[in-house]
Amino acid sequence: MDLIRLLLSSSWKILILAGIVSLVSGVTTTSLIAFINQTGLNYSTLNASVIWTFFGLCFLRFISNFLSQSILIYISQEAILNLRMLISQRLLASPLYQLEKLGNNRIMATLTDDVQSISNTALILPRVCVNSVIVISCLLYLCWLSPTVFLIILFFLVIGITSHQLTGNKASSNMTLAREQQDKLFKNFRGITDGTKELMLHYKKRETFFKDLQANAESYKHENVVGMSIFALASSWAQIMFFVAIGIVIFILPALKNTQTQVLSGYVLTITYLIVPLDAIINSLSAFSKAFVALDKIKSLDLKLTTPAKEIGFEDNLKLLTPSPESGEENLKLLTPSPESGEENLLSFSDSELFCQRLELLDVTYKYQSEDKYLFTVGPINFTFSAGEIVFLIGGNGSGKSTFIKLLIGLYIPDTGKIIINGKLITAEEREWYRQHFSVVFFDFYLFENLLNLGKTISDEQISDYLVKLQLNNKVQVKNGVLSTTALSQGQRKRLALLTAYLEDRAIYVFDEWASDQDPIFKNIFYTQILPDLKSKGKLVIVVTHDDQYYHLSDRIIKLNNGIVEYDKLQQQPL
Ligand SMILES: Nc1ncnc2c1ncn2[C@@H]1O[C@H](COP(=O)(O)OP(=O)(O)OP(=O)(O)O)[C@@H](O)[C@H]1O
């Protein structure tokens, strides 16, 4: 509920307006029924003013109904937009280890399925609101017509709704189980997209994989069928309660109390009209139940969506997320920062701030940990790096090189120890700023087609020159800073990643096994031309490598073994 409050808090004024217009719409609907009831069945009172009043009410009902639905549609879509932005923003602000722990499947399932479930309710929410007003005003009208009839209807309404709620709880637990299966299904779907080649090649593997997928899909279907059927049962029961109520009013009431047929038909008209909106409300409850399951799932990601970023100690992107704790309003505004407000400038650091003379790591350690046990520890690590140095980081598989790199560049937060750049200690406040010193090509890099030339004035011609140097000019063109394609071989894509790093022109370069999938000629160019070129520009270059034939070209070699520095030596004859 906190989350819903937060999502709607930005549009509370429009929400009040929607409430007023919905009220007008509902009251007009009931007035129309009352009007038909009072005058329509009595032809002797028919005159011009009655007809004008009738058409006036029709017009008011049309306008207010249209307006209330439109406003509510706007509000619900705005809430979805805010939810998408909020989740994406908090995901980007979450510590890397938390995202790695959640895994891509859960994150993707939330960004697509959970947001979709909430979107579905957003589409029916306007109708539910308008229908609720109609039901309430019809009930009030009934109460005015006859308190006895009102009490009969209310009695059956309470029985219908209570029994619906009780069975609905059981259905919700099935919905929750179905949602759990959805996470597993997403894992299977990733297997299809990422493991297509392996699955195509191996019949047995494909068969086993498919069986697992089928089991998960069937389990998902089963839980949904059970959950939905329970809801269908509950809805049918609630609806039949209403017909029973009508039966009592028509068949039993006249026997107990002398009631005119005309008055009786008035009750029946009102009650019959009540059934349609009530039916719509009851039928939409299953969608709401699914949305609550989705909200719970989003909460379980522990992204702390409703807590202001400042209070939850997200060390990252603090400057991007500075909500006002009182209302949450500021939070939502900041989801779409406007250039005029200057908010976009908050994260742009001037290049003069981002130099690196000296980078020190003092007793830095990091532990991967699961609930109860430590899985792997890196450190304690003590290094001092200087500008214009080429450092090779070597070690066997699983020795901790990539973990060390993530620590060094500020993606992992050290458990103990200090990182100091140019004499400045890096604390939570500075971490975002600190990361801007690095250009990194990760082993599992991601290539953004259109994020090539950020904030720099580099012409397409200059970029084309780099493409020539990287021997990619026949494959890729650049127009307005956007690459024509990234559909290339793995080695060529890695060269494009290198181009991105080059254009970033940062103080420290880190390459995680960059050369491993380059051909011998380009591997040679990398070690003998590109690295010295960066060094000559005063960059600190850290290279994770297994290419021992080039070890002599570094200024310094650091070897890791089981997370600990095995040796750290300066080369006799560096480059
Ligand atoms: N997300 C993680 N959660 C838990 N343990 C991890 C995680 N990532 C890596 N590890 C553990 O940390 C150890 C070091 O991994 P790391 O990726 O740093 O090694 P590496 O030296 O880069 O290996 P390689 O040369 O194979 O890339 C591994 O033994 C692995 O078990």
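**A buried helix, a ligand shell and an open sheet**

Helix α11 is largely enclosed by the rest of the structure, because seven of its eight residues are buried. The model is a predicted one. The buried residues of α11 are Lys 401, Thr 403, Phe 404, Ile 405, Lys 406, Leu 407 and Leu 408. Burial here requires 20 or more other C-beta atoms within 10 Å of a residue's own. Just past the end of α11, Gly 410 adopts a positive phi of about 90°. Across the protein, 30% of the 575 residues count as buried.

With three residues, α11 gives the most to the shell around the ligand. The residues around the ligand are Glu 100, Tyr 368, Leu 375, Phe 376, Gly 395, Asn 397, Gly 398, Ser 399, Gly 400, Lys 401, Ser 402 and Thr 403. Two elements, β2 (374–386) and α11 (401–408), each supply two or more residues to this shell. By type, the shell holds three nonpolar, seven polar and two charged residues.

The secondary structure of the protein amounts to 15 helices and 12 strands. Among contacts between residues at least 6 apart in sequence, 76% join residues at least 24 apart.

Six of the strands make up an open sheet. Their order is β6-β9-β10-β3-β11-β12, and the pairing is mixed. Strands β6 (438–441) and β12 (564–570) stand at the edges; each has a single partner strand, so one side of each is left without a neighbour in the sheet. On average, neighbouring strands of this sheet are turned by 15° against each other, direction ignored.

Both senses of pairing involve β11. Strand β11 (residues 556–561) runs antiparallel to β12, and six bridges join the two. Within this pair, Ile 557 stands opposite Lys 569 of β12. The two strands form a hairpin with two residues between them. In its turn, Asn 562 has a positive phi of about 50°. The pairing of β3 with β11 is parallel and extends over four bridges. There, Val 391 has Arg 556 of β11 as its bridge partner.

Helix α15 (residues 520–536) lies across β3 (390–394), β9 and β10 (540–544). Relative to β10, α15 runs at about 150°.

Annotated spans were examined next. An unreviewed UniProt entry carries the annotation "transmembrane region" for residues 12–36, 48–75, 148–167, 230–252 and 264–282. In the model, residues 148–167 are 100% helix and 0% strand. The end C-alpha atoms of residues 148–167 are 29 Å apart. Residues 264–282 are likewise 100% helix and 0% strand. For residues 264–282, the end C-alpha atoms lie 26 Å apart.

Note on methods. Residues are numbered from 1 along each chain as its sequence is written. This is a predicted model: local features need pLDDT of at least 70, side-chain atom pairs count only at pLDDT 80 or more; totals for chains, interfaces and linings use all residues. A residue is near a molecule or strand if its C-beta atom, placed from the backbone, lies within 6 Å of it. Ala, Val, Leu, Ile, Met, Phe, Trp, Tyr, Cys and Pro count as nonpolar, Asp, Glu, Lys and Arg as charged, and the others, Gly among them, as polar. UniProt positions are given in the numbering used here, feature names are shortened, and annotations may be inferred rather than shown by experiment. Two strands pair if DSSP finds at least two bridges between them. Axes are lines fitted to C-alpha atoms, for helices over the stretch in contact, and angles run from 0 to 180 degrees between N-to-C directions. Two residues are in contact if their C-beta atoms, placed from the backbone, lie within 7 Å. A residue is buried if 20 or more other C-beta atoms lie within 10 Å of its own, exposed if 12 or fewer, and partly exposed in between; C-beta atoms are placed from the backbone.
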